[in-house]
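Open the model in your viewer and keep the selection panel at hand. We start with the whole chain and then zoom in.

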Amino acid sequence: MEKKEIIFLLNDDFMRELEATMIYAQNSFIMEDCDPSRVTEAISVDEMRHMWWLADLITKRGGKPTMKHKELDFGGENLQEMLERQIELESEGIDIYTHQIEIIDDEEVVGVLKHILDEERRHRKEFRERLEKLNSSD
Ligand SMILES: [Fe+2]
Ligand SMILES: [Fe+2]
């Protein structure tokens, strides 16, 4: 795979991490329940760390991280909708990183993406646990 193509994929990842960072930060501000709010806040910091790791890979290969992003979808006004949206974002990331790990032939990039993938799996588990707790308390 050409360097240009790798940079293109990494920039797409970078954009998704930027969106996740902002969506989780905003949702953590408005969630009224303390525990899911704290978890969402902590995970928004993880997503920002993923941005740093990706930016490092991009710049090392001569690219420039793009701060552009799509219109943000926060999920909704209530906790259930926010958690569902956050689980959806994690699942999307898991699918994309899994695929990229298969097709990218750059050892350093694959190593970082594997590390990020592990964290996204943990994030999804954390959000799912909060959603289950919420649904079982109805
Ligand atoms: Fe992430
Ligand atoms: Fe995540």
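This is a predicted model: local features need pLDDT of at least 70, side-chain atom pairs count only at pLDDT 80 or more; totals for chains, interfaces and linings use all residues.

Residues are numbered from 1 along each chain as its sequence is written, and chains are lettered from A and ligands numbered from 1 in the order in which they are written.

**Select the protein chain.** Show it as a cartoon. There are four helices and zero strands, in the order α-α-α-α from the N terminus. Helices are DSSP runs of H or I with at least four residues, strands runs of E with at least two. The radius of gyration is 15 Å, close to the 14 Å of the globule rule for 138 residues, so the chain is as compact as a globular protein of that length. That radius is taken over C-alpha atoms, and the rule is 2.2 Å times the number of residues to the power 0.38.

**Switch to C-alpha atoms.** Along the principal axes they fill a box of roughly 50 × 25 × 20 Å.

**Select residues 3–30, then 34–60.** These are helix α1 and helix α2. Their axes, lines fitted to C-alpha atoms over the stretch in contact, come within 8 Å and cross at roughly 160°. That makes α1 roughly antiparallel to α2 (an angle over 145 degrees, on a scale from 0 to 180 between N-to-C directions).

**Color that contact by residue class.** Its residues divide into 14 nonpolar, eight polar and four charged. Nonpolar covers Ala, Val, Leu, Ile, Met, Phe, Trp, Tyr, Cys and Pro; charged covers Asp, Glu, Lys and Arg; the others, Gly among them, are polar.

Conventions:
Angles under 35 degrees count as roughly parallel, over 145 as roughly antiparallel, 65 to 115 as roughly perpendicular and the rest as oblique.
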